[in-house]
Amino acid sequence: MNQRNASILQDFILLGFSDGPWLELPLFVVCLVSYVLTLVGNLAIVLVSCLDPTLHTAMYFFLSNLSLLDLGFTTSTVPQMLVNIRSPRKAISYGGCVAQLFIFLALGSTECLLLAVLSFDRFVAICHLLHDSAIMPPRLCLQLAAASWVGGVSNSVLQSTLTLQMPRCGHRDVDHFFCEVPALLRLACMDTTANEAELFFISVLFLLIPVALILASYTLIGQTVLRIRSADGRRKALGTCGSHPVVLTLFYGIVTPTLNPLIYTLRKKDVKGALKRVIARVFSIGK
């Protein structure tokens, strides 16, 4: 009990690039620019998708959720990272660390599930073109999105609780840019085998199973596209779902909240048109 009491309510030191101070200024600039682009791009997607009736479809509903996840994902880590990069004492409060851990886990897990849902939506749009609105009505879209959020938050509650209960015996130096489960487990002063096994099991559920569903969806999509005889029809089908595999490839390698708006929506004609209409409407109201 004394070990556990000694491990709570202590500030943490985020080591990050502390052993390479010459990297701090370029890293600060890159992170700041990326964060601003993330905010602008994802906020634009959310606002345009909500304000323009032509984008009230299943795909843009899920993309709006994805943009909200990216906004929270980056805001939970990047501002504190920017402060620590330019600060001699790279500390984060216990409450701030708990918030980072919970939000990062919740949104990351939710995004894994939501990407699988989005691949299913693309499968329906390509393979069941004439019945897509009946298969994916608004109520089902809402239920799938809600299930993704509930699943992500539930996973975060479980993993955060188990991680924060581990005694740290005064260890405070987190060898990372932010508070996450593996970095915090390394601070524990007792055996973490059970926690690591639980983390592995949860990772299988939230990473490998969605990937399997995504691969199955795109295998069926590929078969359908190959059966389309006209070149124009193939181009339209690939244009409908071609952005999603790119984001999936990047997401499972690196986090891509800055690239998602550009890859997914802001380059599409319907989104560009909707954005122009929303801007024109805003200026007309201002006059």
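A residue is called buried when its relative accessible area is under 20%, exposed when that area is over 50%, and partly exposed in between, with a 1.4 Å probe and protein chains only as cover. The model shown is predicted, and for this reason local features need a pLDDT of at least 70 and side-chain atom pairs count only at pLDDT 80 or more, whereas totals for chains, interfaces and linings use all residues. Residues are numbered from 1 along each chain as its sequence is written, and side-chain values use heavy atoms, with hydrogens and water left out.

View 1. Val33 lies in helix α2 (residues 24-51), where helices (H or I, at least four residues) and strands (E, at least two) are DSSP runs numbered from the N terminus. Because its relative accessibility is 44%, Val33 counts as partly exposed. Together with Leu25, Val29 and Leu37, Val33 makes a nonpolar surface patch of about 350 Å². Such patches are made of residues with over 30% relative accessible area and no salt bridge, nonpolar side chains (Val, Leu, Ile, Met, Phe, Trp, Tyr) being joined within 5 Å and like charges within 9 Å; the areas come from the Shrake-Rupley method with a 1.4 Å probe, and for residues only the protein chains shown count as cover.

**View 2. Helix α2 and its end at Leu51.** The 28 residues of α2 reach 40 Å from the first C-alpha to the last, close to the 40 Å expected at 1.5 Å a residue, the expected span being 1.5 Å times one less than the number of residues. Among the buried residues of this helix are Cys31, Tyr35, Ile45 and Val48. Leu51, also found in α2, is partly exposed because its relative accessible area is 43%. Although Leu51 and Arg277 are 226 residues apart in sequence, their C-alpha atoms are 9.5 Å apart in space.

**View 3. The largest nonpolar core.** A nonpolar core is a set of buried Ala, Val, Leu, Ile, Met, Phe, Trp, Tyr and Cys residues joined through side-chain atoms within 4.5 Å. The largest one has 26 residues, of which Phe62, Leu63 and Ile221 touch the most other members. Two or more residues come from each of the elements α3 (58-75), α5 (94-127), α7 (138-164) and α9 (193-227), and α5 gives the most, with nine residues. A second, separate core has 18 residues, including Ile92, Leu164, Met166 and Leu185.

**View 4. Helix α7 and what covers it.** The 27 residues of α7 should span 39 Å at 1.5 Å a residue, and its end C-alpha atoms are 39 Å apart, which agrees. Its buried residues include Cys141, Ser148, Gly152, Asn155 and Leu164. What covers the buried residues of α7 includes α3, α5, α8 (181-185) and α9.

View 5. Leu15 is placed in the loop between β1 (12-14) and α2, and with 26% relative accessibility it counts as partly exposed. Leaving aside residues up to four places away in sequence, Leu15 touches Lys90, Asp173, Val174, Asp175 and His176, where contact means heavy atoms within 4.5 Å. The C-alpha atoms of Leu15 and His176 are separated by 5.9 Å, while the two residues are 161 residues apart along the chain.

**View 6. The salt bridge of Arg122 and Asp121.** A salt bridge is a side-chain nitrogen of Lys or Arg within 4 Å of a carboxyl oxygen of Asp or Glu, and by this rule the count comes to one. Arg122 forms a salt bridge with Asp121, and their closest N and O atoms are 2.6 Å apart. Both Arg122 and Asp121 are buried.
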